[in-house]
Amino acid sequence: MKKFGFLLVLIMIIFISCGGGTATDTAGQAVPRTGMVEFREVYSSEFTTLDYNNASTANVAYHGSMTVATLVDYDKYGVIQGRLATDWRVSPDGTVYTFDLRDDVYWYTLAGAQYAKMTAHDFVQTAQWMLTAENASIINNNLTAVILNAQAYLDKEITDFSRVGVRALNDYTVQYTLTGPVPWFMSMLTYGSYFPSHVPFRNEMGVRYGTSNDAMLYSGPYIMSTFDPQVRQVYTRNPNYWDPTENQIDRIERIFNREAQTIAPELFLRGEIYEADIRPDQIAEWIGNDEREWMLYNTPPGQFAMFYAINFDPRYGEEYNPSNWQVAVNNINFRKALYHAIDYVSLAMTIDPYNPEQVLLGTINRRGFITTPGGIDYVDQAPLAAYTDVIPYDPALARQYMETAMRELQGRVTFPVTLVLPYNTGSVGMTQRVQLLQQQYERNLGNNFVDVVLVPHPNTGFSIEVRNTGIFSLLETSWGPDAADPVSALDPFNGGNPVGWRYGRVFMAEETFDSRGLPIYQQMIDTAHAEVLDLARRYRMIAEAEQYLLDMVLVIPFYRTGFEYYVSYLDPFSGNNTMHGLVRNKHLGKVMLTRPYNPDELAAAYARYNAEREAAHRNAPRR
């Protein structure tokens, strides 16, 4: 194992090239476009539903944020601002949040006709729909975690919804009562669990709701005017929306192509689309090219942790002998062998071939997400700091653990153990990484320990069909926190959270139960989550729980999103910026430029933005 130094990037966007420009990049200024502004891009993963109250995928969250009026949102400096809420009050004990709503907002049909006025009752009825067990909302955990009596109503222990902590005091005042103080509650309101819907329309649509753009209502900045699955999506400005600054772009067209990652750069250069990711294997065509290099950006550090989920409850077919895997994976030395045999830097070169170490994660929470009351980064506090900047690749150590595991499992497990490793065929990077991982396990552990079987799956619905159903042994997957709290990043490992049942069910690991038969990690995270007043103590206990996950190798951290190369006509300093939820992919407030920034313009724009951001956070009201 060795230490690595993360390049902690505090700026929101980093320019790659240090070179000058050409005539191309100095022709005119990069200024906002005027008139009818259109944005086009390509995509490769289609919606499986448009119901933002019942989906956890990034694309559905994007759809909800574009088409629905929300209580609050982040501005371009990452400061919470009222949107539908004109004002709000918090009780002295921090358990009651009361929001005053605009009285001039309506729900509109696809055709633009007024359907109903939006009121506080929409928030109450949506919460009731999400907490009705038969509706099986997969994101109701964000309600049950903090809202008074929400879990009891979901479990049918109470049947009177008026006892649940979501109330309409009148038509334009909604009130949330929490189980206790939740300092990060305002950040939770930017997630789909707290987005309103109009339940009478939902009931009218029945099973059609969320299946097409005419089976949805619209109250936000955009209307999804076209939804032709696996062909294109079009979002157009909602002419009835009250705040024109939220939709600087009049029309957004997203064109489906299964090879979007491959063809996007060429389409960008031809002017057919206005943003493209540049894959690591394509970047050599840009670096050193005077006509291209000047316009390259790096994305900021991302909000998602990418990790290898380890499945303790495999659901794949008998041809892969799932019971054999299940016995083997419940041995800690078996898991440690897998952990230390991965050449993380080599895999990360498929993400960033020039500085792969900067994307690596030693923990699940990411650096820069949470700062403790003592002023240090959450991941730098003891005991978690022992993992933060460590690359665990150690082939010799991996073989030692392998030999120990094989002795301990002799007579109980048939070697080699089949390791089912699915991958998304729509992701060039993941396809490359699973092949490399298969080779690394064979090289570092030999052929007698595990037999890695690569199983291809299509892009659309990959997480639902593979991760959620548990048809994997090991799986590269991701999670981004829903709220500004480190425990939110650990939801995939929490058996008390529905999310935890879709990421390999680590709480079923046999070695993690105490003498009373209770899961140790679950007790640790529940105890930490109950501490809401002393944040220093809370963060320390969460760090101890996260350390336990890593000590026991119940998950294998890999990399954080961000740092990708891309080119774009969008002003990178516009729109919504924060370390959780949607950032770059959210088009609200984004400004289209006449051309990408050149290096001098980008440096000047960053200097202005950074000064403005510091002032915005310094002057933000404390409620």
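Contact here means heavy atoms within 4.5 Å. The structure is a predicted model, in which local features need pLDDT of at least 70 and side-chain atom pairs count only at pLDDT 80 or more, while totals for chains, interfaces and linings use all residues. Residues are numbered from 1 along each chain as its sequence is written, and side-chain values use heavy atoms, with hydrogens and water left out.

Not counting residues up to four places away in sequence, Asn140 touches Met130, Leu131, Leu154 and Pro498. Its relative accessible area is 5%, so Asn140 is buried (buried means under 20% relative accessible area, exposed over 50%, partly exposed in between, with a 1.4 Å probe and protein chains only).

Nonpolar cores come next. In soluble globular proteins, nonpolar side chains tend to be buried together. A nonpolar core is taken as a set of buried Ala, Val, Leu, Ile, Met, Phe, Trp, Tyr and Cys residues joined through side-chain atoms within 4.5 Å. The largest one has 89 residues, of which Leu71, Phe99, Ile147, Val164, Tyr176, Phe185 and Tyr194 touch the most other members. Helix α3 gives the most to this core, with 6 residues. Leaving aside neighbours within four places in sequence, the contacts of Tyr194 include Phe123, Ile147, Tyr176 and Phe185. Another core, of 87 residues, lies apart from the largest one, and Tyr308, Ile342, Ile370 and Leu445 are among its members.

Turning to the strands, an open sheet of 3 strands has the order β21-β17-β22, with antiparallel pairing (two strands pair if DSSP finds at least two bridges between them). Because β21 (474-479) and β22 (555-560) each have a single partner strand, they stand at the edges, and one side of each is left without a neighbour in the sheet. From one strand to the next, the twist averages 30 degrees. Strand β17 (residues 305-310) is joined to β22 by 5 bridges, and Phe307 has Pro557 of β22 as its bridge partner.

The structure also holds 25 salt bridges, each defined as a side-chain nitrogen of Lys or Arg within 4 Å of a carboxyl oxygen of Asp or Glu. In one of them, the closest N and O atoms of Glu38 and Arg251 are 3.2 Å apart. Glu38 lies in strand β3 (residues 38-43) and Arg251 in strand β14 (residues 251-256), so this pair ties together parts that are 213 residues apart in sequence. Glu38 is partly exposed, at 31% relative accessible area. A network of salt bridges links Glu38, Arg232, Arg251 and Glu253. Elsewhere, Arg202 and Asp51 meet in a salt bridge at 2.9 Å, N to O, and both residues are buried.

Finally, helix packing deserves a look. Two packed helices are described by the angle between their axes and the distance between the axes. Axes are lines fitted to C-alpha atoms, for helices over the stretch in contact, and angles run from 0 to 180 degrees between N-to-C directions. The axes of α9 (residues 322-329) and α10 (residues 332-340) come within 6 Å and cross at roughly 90 degrees, which makes α9 roughly perpendicular to α10 (angles under 35 degrees count as roughly parallel, over 145 as roughly antiparallel, 65 to 115 as roughly perpendicular and the rest as oblique). Trp325, Ala328 and Val329 of α9 make the contact with Phe334, Arg335 and Leu338 of α10.

Note on methods:
Helix = DSSP H or I, 4+ residues; strand = E, 2+ residues; numbered from the N terminus.
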